[in-house]
Each structure stands twice: as C-alpha cells, then as structure tokens.
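Student: Can we go through this structure together? I'd like to ask things as they come up.
Tutor: Go ahead.

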Amino acid sequence: LPENFGMADTSARAEPGRQTERFFTEGPAELQAARELMARFSIPRAKARLEAEKARFQRERAKTRTMRDRERKEATDNLKRFTIHGSEVGGERPLHCIAVSPSSGHVLVGSWDCGVSCWTLPALSGAKSFRGHANRVCGLAWRPQEGPAQPPTSFASASADCTVRLWDMDSNAPVQTLEGHLECVNKVAYHPCGHFLGSTSNDLTWRLWDVSTGKCLQEQRGHSREVYAIDFQPDGSLCGTTDFSGIVRVWDTRTGRTAMVLQGHAKEVLSCCFASNGYQMATGSSDNTAKVWDLRKKKNLYTIAAHSSIVNCVRYEPSQGQYLLSSSHDQTSKLWDPKTFQLLTVLPHHSRVMGADLSSDGQSIVTCCYDRTFHLWRKGALAEFKESLKIPVSMLLQKALSAAEAAMRSGMGDARRDSAMEADEGGGGGESGAMEEDQDDDVVDEDDVVDEDAEDGMDEDEK
C-alpha cells in the first residue's frame, strides 16, 4: 500500500497559483495501520469464500432436479422442528439484548437493570453476573476466537450511560471502559479479526476502537439521524450501519469510504446482518418489514411483510445461510427461506420479543423478551420426546382386538357353565320351579313398605 493510503492527494490536480486543502480530516497513524491489517485479513478470506462458492455451485450443478428438490424439502422439514427447549428469568427488569458465544456453549443476556448475565448452553445453568454500567444495557458482542470450538474469553457491552465496556470471563469487573460517545450507545460488533470493535450511538456517529489499547481510531460521521445497528461482513471488508431515518450505509473498512447507500425503509432501521455468501444483507425496521439487499446490484432484492409490529432483529444462519430469523414486538420470532422468502415456522412467545441470536452451527436459537425471560429453541427438543410417547396405530388395534377376543372367550365360557348348573338344579321339577319364581315375585320386603304418615313427616332431602 502507498504511504498516502487513505488520504486525498490534490497536488497533482491543483492549478498553478491556487491554494488547495484536504477535503476530509486526516486520521492517525494507528488508523492507517488498522486499515492495512483489515485489508490483509479480508482479502484471503474473500478468496477462500469465492472458491468454496464455486465448488458448491459445481456440486449443485451435477445433481438432478429431483435430487435438489428432495434435499430442499428435507432441509425445510428439518427447520420446522424448532421447539422450546428451556426458559429462564434473565434479570430484574425487561431484557434488551442477547448473544450466543462462537463456541455455542454460552449465552449473554443484557437487561434494563444495568446488568449482564452469562448462562451455559443447553442446560441454561451456572448464571454469572457482570455489573458495571450505570444505565440499561443495549448491546452485546462476543470477541471472535481463533477457533469456534475454543471457549469464550471476553465480550463487549454497550449501554445508555454512553460507554462501552470490555469484560473478561474470569473477572466480574470490566477490563476496559471505552468513553467518547456523547449519547446512548446502541449496539456493538467485533470485526471478524477480533482486534477492533465498532459501536453506534445516538450522537449521529459510529466509532472504531482498538481493543488492545482502548483507543478510538475513527469517529465516523455520515448519518443524519441516530445511528442504531452495526454489523461486519464475514470477510471483514465491509461494515453496515443503520439510522433512524431509514437509511442503511455500507462502508469499506479498508478505505473508510461509503461503498453504497441503501434506501427503502419508511421508518427506523433497527437491525442489519450480512449473509455468509458475502453479497446479501438483511435489515429489519419499525415499518414492520424485513428487506433483503443484493450488494452486487446495490438494490433491494425482496421485501418481507414479516410481522404486525416493529422488526427489531434479523439474523442469517451463520454457517451456510440456510434460513433467516426475524423477531418482533408482536410476540413472535419467525424463520424464513432465504431463497423463496416463504415462512417456514413461527416461534410463539408470551411477551414482545426484544432480541434474538443464533448458534454458530444454526442448531439453536435464543430469544429474550420484555417479561424478563429468555428462551432456548432447538431442533426436535420436544418433538423427539412426543414421538417417543406415541404408539403406532397398528399396535393399538392389535391390543384392542386381543382384549375383545379374550373377553368373548371368557363370556362364552361363563355362559356354558351357567347353563350346565341350571340343568343340574332343575332336573324334572320344572313346574314347581316356575311356581316358586312366581311366589318370589309376589313377596314384598317389609323394608320396602313406607308408611304414608311417616312419609308426610319427611323433608325433601330425606325423601
């Protein structure tokens, strides 16, 4: 990269005798080094992603249409098996945000009670509390690890107290406090390399921080309203930010310039997420819709009329983008097909859903709600249990027929024994037996006779 990387050089275009000046503020040397690091990190990942995409395309091309349809149906049926696995109370006040660790073994829950709690998955046990903010917690993000199987070590939290705090799992106190924003910090997101952190705020800016030093490398302006959501592309070359005017901006992290501006939402855009393919992006808004954007064409690919209330969270399945998750204040979370945009399944709740996240393998979904509870959804958690309790219809019919047959045999045997006993007792005295039966019918038991005078003295209950 040239020495003047990231700076405008107008000397070559300047007219003789005319004074020139830079049209943007020159950043520090640390910012230039950070952009060089992000460039070296993103280019090999982009190359590997393209090669994997080409190989997948060749595999799909070799399959017949019937095979592709069968695999697609199996995948769709598998996604419909998401059921509730467990629920817990995550705080003393409504929950606002939730995040699953890269290893899928822990989940963070942020609450309006200024605290963060960490739980193990899938048992939802071993709650550990982290306190240090002076106002509600608005955003959470795990720091990426070198390998997805490694246990998490640190995370970041954003708060309405205008600060971002970095935490270590071994300590209850924050490791660092990042100060600089003038108003509420809404969301935070780590760059995929793990060395840098992005944060958005109501002060109309988003900032890029060096995690190791705690220094603010960049204060980026460009939005006209409060900046809310932020997300980094899996390659690390792009960053998306949203604001309350309905604008989505995509930034080039290697140059710091705006790559594109996406317009289409009618109200505040509250969430954004890049797909694993690198060229699609989903956004959720207060206009009750979720939009999918094609970054190659710089336009809206499809608009999903997703919910009956604001869509506060959208998430792509991280590994292969098999489905799109959306959550809303209408007390539901929904799974959508990322290709046909059809509804796959609905996850019902008893309160408005405030946030949602996915495990790295896409097998688990976590949601947090306004009623202070958070929930874990897994594939087949309850369905497998129900299936184990079911008895096949053929077995039920077989048992019913066996029982009826046994009853019939028992009844026939009893009837034969009774007829034989009557024949032995009756012998030749048929007339005398009949006369005795008639006499027995004429005899009335004294206990059955009720005196009319005594009956008149009874009340209704005794009668």
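Tutor: Start with Trp206, which counts as buried because its relative accessibility is 4%. Buried means under 20% relative accessible area, exposed means over 50%, and partly exposed is in between, using a 1.4 Å probe and protein chains only.

Student: What kind of model is this, and how are residues numbered?
Tutor: It is a predicted model, where local features need pLDDT of at least 70 and side-chain atom pairs count only at pLDDT 80 or more, while totals for chains, interfaces and linings use all residues. Residues are numbered from 1 along each chain as its sequence is written, and side-chain values use heavy atoms, with hydrogens and water left out.

Student: How many helices and strands does the protein have?
Tutor: There are 6 helices and 28 strands. These are DSSP runs numbered from the N terminus: helices are H or I with at least four residues, and strands are E with at least two.

Student: And how much of the protein is buried?
Tutor: Of its 463 residues, 43% count as buried.

Student: Aromatic rings next. How many aromatic pairs are there?
Tutor: A search of the whole structure gives 10 aromatic pairs. Rings of Phe, Tyr and Trp (its six-membered ring) pair if their centres lie within 6.5 Å; planes under 30 degrees apart are stacked, over 60 edge-to-face, and the rest tilted.

Student: What is the geometry of Phe130 and Trp167?
Tutor: Their pair is edge-to-face, with 5.8 Å centre to centre and 70 degrees between the planes. Phe130 sits in strand 5 (residues 125-131) and Trp167 in strand 8 (residues 163-168), so the pair links distant parts of the chain, 37 residues apart.

Student: Are those two buried or exposed?
Tutor: Phe130 and Trp167 are both buried.

Student: Back to Trp206. How are the rings of Trp206 and Trp251 arranged?
Tutor: The centres are 6.0 Å apart and the planes are at 55 degrees, so the pair is tilted. Trp206 is in strand 12 and Trp251 in strand 16 (residues 247-252), so the pair ties together parts that are 45 residues apart in sequence.

Student: Why does Trp251 count as buried?
Tutor: Because its relative accessible area is 3%.

Student: Which residues form an aromatic cluster?
Tutor: Phe130, Trp142, Phe155 and Trp167 form one aromatic cluster.

Student: You mentioned strand 12. Which strand does it pair with by 4 bridges?
Tutor: Strand 12 (residues 206-210) is joined to strand 13 by 4 bridges, and the two run antiparallel. Two strands pair if DSSP finds at least two bridges between them.

Student: Which residues of helix 1 are buried?
Tutor: Leu31, Ala34, Arg35, Met38, Ala39, Ser42 and Ala46. What covers them includes strand 11, strand 12 and strand 13.

Student: New topic. How many residues of strand 19 are buried?
Tutor: For strand 19 (residues 280-285) it is 6 of the 6, so the strand is largely enclosed by the rest of the structure. Gln280, Ala282 and Gly284 are on one side, and Met281, Thr283 and Ser285 on the other.

Student: Which strands does strand 19 pair with?
Tutor: Strand 18 (residues 269-274) is joined to strand 19 by 5 bridges, running antiparallel. Strand 20 (residues 290-294) also pairs with strand 19 in the antiparallel sense, over 5 bridges.

Student: Last one: how many disulfides are there?
Tutor: The structure holds 0 disulfides, a disulfide being a pair of cysteine sulfur atoms within 2.5 Å. For Cys114, the nearest cysteine sulfur is that of Cys138, 9.9 Å away.

Definitions and conventions. Contact = heavy atoms within 4.5 Å.
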